[in-house]
Amino acid sequence: MEDLEGGVDFLADERKKAKFDVEAMKIFWAGSQHKFQVADRMARLVASDPVFKKDDRVRLERKELFKGTLRKAAHAWKRIVELRLSEEEASQLRFFVDEPAYTDLHWGMFIPAIKGQGTEEQQRKWLPLAYRMQIIGCYAQTELGHGSNVQGLETTATFDSETDEFVINSPTLTSSKWWPGGLGKISTHAVVYARLMIDGKEHGVHGFIVQLRSLDDHLPLPGITVGDIGMKFGSGAYNTMDNGVLQFDHVRIPRDQMLMRVLQVTREGKVVQSDVPRQLIYGTMVYVRQTIVYDASRALSKAVCIATRYSAVRRQFGSQNGGRETQVIDYKTQQNRLFPLLASAYAFRIVGDWLNWLYRDVTERLQANDFSTLPEAHACTAGLKSLTTSFTADAIEECRKLCGGHGYLCSSGLPELFAVYVPACTYEGDNVVLLLQVARILMKTVSQLGSGKQPVGTIAYMGRAENLMQSQCSVKKAEDWLNPATVLEVFEARSLRMSVACAKNLSQFSNPEEGFLELSADLVGASVAHCQLIVVSKFIEKLQQDIPGEGVRPNAIALVDAFNYTDHFLGSVLGRYDGNVYPKLYEEAWKDPLNDSVIPDGFHEYVRPLLKRQVRTSRL
């Protein structure tokens, strides 16, 4: 077993190669000393608790898997209450439990929706109940027939002035709410989005707080049909979540359960625009999308950590005179595929932190009726949500391939990570649709370049259009690419030129919308280039301030160690901190239920007759 266990000492040797302070890099990754301490404490708390054990998740049947998730969510809440954890600590604890659960939508969508769209009175009524989990909520927007096109939702909320109620109804099969996490079996309430109808006139899509199940026996209330939509991609993955289907048959709710921070309906049925600007509705959306960008860095870093550690342990070819084979991580082809993903994980974390700052800045401005930065915040969060989630989903699969055949085993942690992560490419906005929204802002900016109005924020580079359109790449040799200013200018010139080319082509169409549809593929490309520029610019800005400028190879293991992920959180034999991969792979294999018996079920019925030639052979 000496060769099999060689990885333990080998990773220790790798860690000695680091040319920077790993502990300092852990703090850098976390964002601050305080955040590092909170995350580290919660990660270790979860890892040391046997209730949060997850290594058998992929072997469980759906009902057993779901019941286990309910148990973990209840235990997490118990620990949060017992330890009197802060909101930040509780959030980190749920993150490190690392299992999609009904609580995700309760904390991540239901509560933010009420905070962002409810009146102060509604917040005083509903938020205390939600924070104490005396009610459990979900976010019911997407329907069987409509997702990205929110204005096309079919569910209706018709005001009945005689009873002072809204009647929530699903008029068609395609109007069934479809996909909300937590809806299928657990949620007692939902923020339901429906078309507001008063006296036969429609007033747009708005949110309504609707009770779905009895708080006494948990049965669906009259007029409500609700259930789970079935198995999803992967083994454990999102099958721990009760994504649901919901139909309403003329369900009545009090008028004051319409979220009325922006638009109000009076007792007489009059629609009144409140003093609060409608743009505040976008605040919730900006918040959710910036968290998705931040989460992309965590998912990507998880996959990269596994692939990097295993690449250092795995040896193939290159042995001379009976010597040791070459570490896979030392092959240039492996480095060319792996190291850009490692850099991207750090870049996404940096841009995620920046988006969090942007969200807080926009929120403060909105409270002061300053909407000047809202369009940029909307464009940045939409575009970066699209870019980072698409890239991360592809990168997780690339990390699986970087781990060779063993990466295909569930015990590698990568198949389940991929299955859990890929929905991010679709929820909270289809990625292509989001990029087309960004393209509209880019096209508007290009059209105003000659007006004297200077672009600001992340589009400020377009104000130097004349220079960037004429600039020539100054790179003469490979080392020139190490100059951050050169890299930044190249990305700026590329983004600007792609946007200008799209704008010129659009101008050839008499009908702008027709042109937008015809050129949508080019517009998506221009948006991707702009979003890549944002990531590069924020990364370079941080690189010059805080990140050591050492080579990647000697620091590779230290860079992934800086993520500070426990073995429990990684859930990967290949990514173990001690590098003791092969004995653990062998051990995991014998845990599979198929190995419970030497002779499998069905052998005597189906295989033995073949071996004994008791099945008559047909003649052709």
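Trainee: How much area do domain 2 and domain 3 bury between them, and on which atoms?
Mentor: This is a predicted model, so read every value as computed from it. Domain 2 and domain 3 bury about 840 Å² between them. Carbon and sulfur atoms carry 93% of that area.

Trainee: How many residues of each are in contact?
Mentor: Eleven residues of domain 2 touch nine residues of domain 3.

Trainee: How many salt bridges and polar contacts cross that interface?
Mentor: For salt bridges, the rule finds zero between domain 2 and domain 3.

Trainee: Which elements of domain 2 give two or more residues to the side that touches domain 3?
Mentor: Helix 9 (332–367) and helix 10 (374–402) do. Helix 9 gives the largest share, seven residues.

Trainee: How do the residues on that side divide into nonpolar, polar and charged?
Mentor: Ten are nonpolar and one is polar.

Trainee: What describes a pair of aromatic rings?
Mentor: Two values do: the distance of the centres and the angle of the planes. By the rule used here, the structure has 18 aromatic pairs. One of them joins Phe28 and Tyr346. Their centres lie 6.3 Å apart, with 20 degrees between the planes. The pair counts as stacked because its planes are under 30 degrees apart.

Trainee: Where in the chain do Phe28 and Tyr346 sit?
Mentor: Phe28 is in helix 2 (residues 22–30), and Tyr346 is in helix 9. They are 318 residues apart, so the pair links distant parts of the chain.

Trainee: How many salt bridges does a search of the whole structure find?
Mentor: The search finds 36. Take Arg44 and Asp40 as a case: their side chains meet in a salt bridge, 2.9 Å from N to O.

Trainee: Where do Arg44 and Asp40 lie?
Mentor: Both are in helix 3 (residues 33–47). They are four residues apart, about one turn of the helix.

Methods:
Residues numbered from 1 in each chain as written. Predicted model: local features only at pLDDT ≥ 70, side-chain atom pairs only at ≥ 80, totals over all residues. Heavy atoms only, no water. Contact = heavy atoms within 4.5 Å. Buried area = accessible area lost by both parts, 1.4 Å probe. Salt bridge = Lys/Arg side-chain N within 4 Å of Asp/Glu carboxyl O. Nonpolar A, V, L, I, M, F, W, Y, C, P; charged D, E, K, R; others polar. Phe/Tyr/Trp six-rings, centres within 6.5 Å; stacked < 30°, edge-to-face > 60°.
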